[in-house]
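Here's a quick briefing to read with the structure open beside you. We'll go through the strands, then the aromatic rings.

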Amino acid sequence: MKQITFAQAEHQNKKKVTRRERFLAEMNVLVPWQRLLDALSPSYYPGAAGRRGRPPTPLARILRIYFLQQWYGLADEALEDAIYDSQAMRDFVGIDLSIESVPDATTLLRFRHLLERHSLTQRIFEEINATLAERGLFMREGTIVDATIIAAAPSTKNKAKQRDPAMKQTRKGNQWYFGMKAHIGVDAATGLTHSLVAISANQADITVAAQLLRDDKEPVYADAGYTGLGKRLGEDDDTLPPLRIAARRSTTKKMEDGPEKQIMQRIEHCKASVRAKVAHPFHVIKNLFGHRKVRYRGMEKNQAQLFSLFALANLVLAKRCYATTDGVIAS
């Protein structure tokens with residue numbers, strides 16, 4: 001019989017930490033809970049105190065449940081079931097099933113409507129970004145603007161017997177898409193999202209580019225879809241930031257081989273290396289959070305959710321800049 005040492009036995013008896021537990025533990029430290037509670041509490045049922053009936057779920061708890069929904073892309077009913085099934089989720093929310101039950105799906109639905117009604121998801125986005133800015137994670141060395149298409153259901157098998165009128169068709173290459181666009185402005189140094197606009201998919205990227213820029217004179221980086229941005233912003237304006245817009249591929253292809261073309265290719269490579277950071281927030285919300293399709297009808301509801309998603313994506317991206325010691329974040 002093979003003998004094992006005490007150290008080996010102790011190691012085997014240690015509880016394995018799952019990826020979900022590790023992720024939720026990291027987010028529990030990174031999210032500025034008290035700051036968010038202070039910002040949201042004035043709008044969270046301020047007249048409920050002293051009234052008869054069931055008291056509202058504590059804001060700290062329902063906010064954690066709402067964040068779980070964004071991280072794991074679950075519907076209201078599915079999230080309720082997932083919390084019952086997952087010990088890691090219950091620990092994160094702070095629920096002991098021996099003495100209390102999980103708030104039902106209707107409670108989360110009402111909370112989400114409250115966030116939409118008072119534009120509180122944008123406030124969440126602003127408060128989280130303010131926390132990251134205080135820790136020096138918005139370098140203000142330039143802005144990268146870009147957009148991604150988020151698909152919507154093209155089916156008409158619904159109560160209204162029609163597609164969502166806020167969603168439109170667009171073509172990218174030879175492929176047609178139906179849905180909306182999420183336009184973001186990203187810090188060129190850290191890749192964190194600082195501005196966001198949602199529009200229907202058929203609108204040109206350049207139409208909302210001005211809303212994504214910060215009030216500074218740092219360079220703006222964008223792909224060829226933003227060609228002509230200088231004219232739209234007013235080329236004679238001395239306050240305009242330098243524009244680093246990618247050249248169209250056809251422009252480079254038409255050039256004759258030689259030193260001039262090599263210099264042009266090198267310049268475009270440098271622009272692309274900076275623009276690559278804008279793909280990171282899209283990767284987080286689409287691949288990690290699973291937000292590849294819109295969940296709701298109407299532009300306002302979906303834009304409200306995007307503010308929450310990109311705020312939480314900023315925390316995931318900022319994680320590499322943090323080191324945690326005894327639950328205290330140090331930059």
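E3 and E4 make a hairpin with five residues between them, and Gly 191 in that turn has a positive phi of about 80°. Keep in mind that this is a predicted model.

**Strand E3 and its partners**

- On the E4 side (residues 193–200), seven bridges hold the two strands together, and they run antiparallel.
- Strand E1 (residues 143–151) is also antiparallel to E3, with nine bridges between them.
- Strand E2 (residues 168–172) pairs with E3 too, again in the antiparallel sense, over five bridges.

**The E2–E3 hairpin**

- E2 and E3 form a hairpin with two residues between the strands.
- Here it's Gly 173 that takes a positive phi, near 70°.
- Look at Lys 172 as well, which stands opposite Gln 175 in E3.

**Aromatic pairs**

- There are 11 aromatic pairs in the structure.
- Take Phe 282 and Phe 310: their ring centres are 6.2 Å apart and their planes sit at 80°, so this pair counts as edge-to-face, the cut-off for that label being over 60 degrees.
- The pair ties together distant parts of the chain, with Phe 282 in helix H12 (residues 279–288) and Phe 310 in helix H13 (residues 299–318), 28 residues apart.
- Both Phe 282 and Phe 310 are buried.
- Elsewhere, one aromatic cluster is formed by Phe 23, Trp 33, Tyr 44, Tyr 66, Phe 67, Trp 71, Tyr 72, Phe 92 and Phe 111.

**Charges over rings**

- Tyr 72, one of the cluster members, has the charged end of Arg 20 sitting over its ring, 4.9 Å from the centre.
- Arg 163 lies over the face of Phe 178, 4.5 Å from the ring centre.

Conventions
Residues are numbered from 1 along each chain as its sequence is written. This is a predicted model: local features need pLDDT of at least 70, side-chain atom pairs count only at pLDDT 80 or more; totals for chains, interfaces and linings use all residues. Side-chain values use heavy atoms; hydrogens and water are left out. Rings of Phe, Tyr and Trp (its six-membered ring) pair if their centres lie within 6.5 Å; planes under 30 degrees apart count as stacked, over 60 as edge-to-face and the rest as tilted. Helices (H or I, at least four residues) and strands (E, at least two) are DSSP runs, numbered from the N terminus. Buried means under 20% relative accessible area, exposed over 50%, partly exposed in between (1.4 Å probe, protein chains only). A charge sits over a ring if NZ of Lys or CZ of Arg is within 6 Å of the ring centre and within 35 degrees of the ring normal. Two strands pair if DSSP finds at least two bridges between them.
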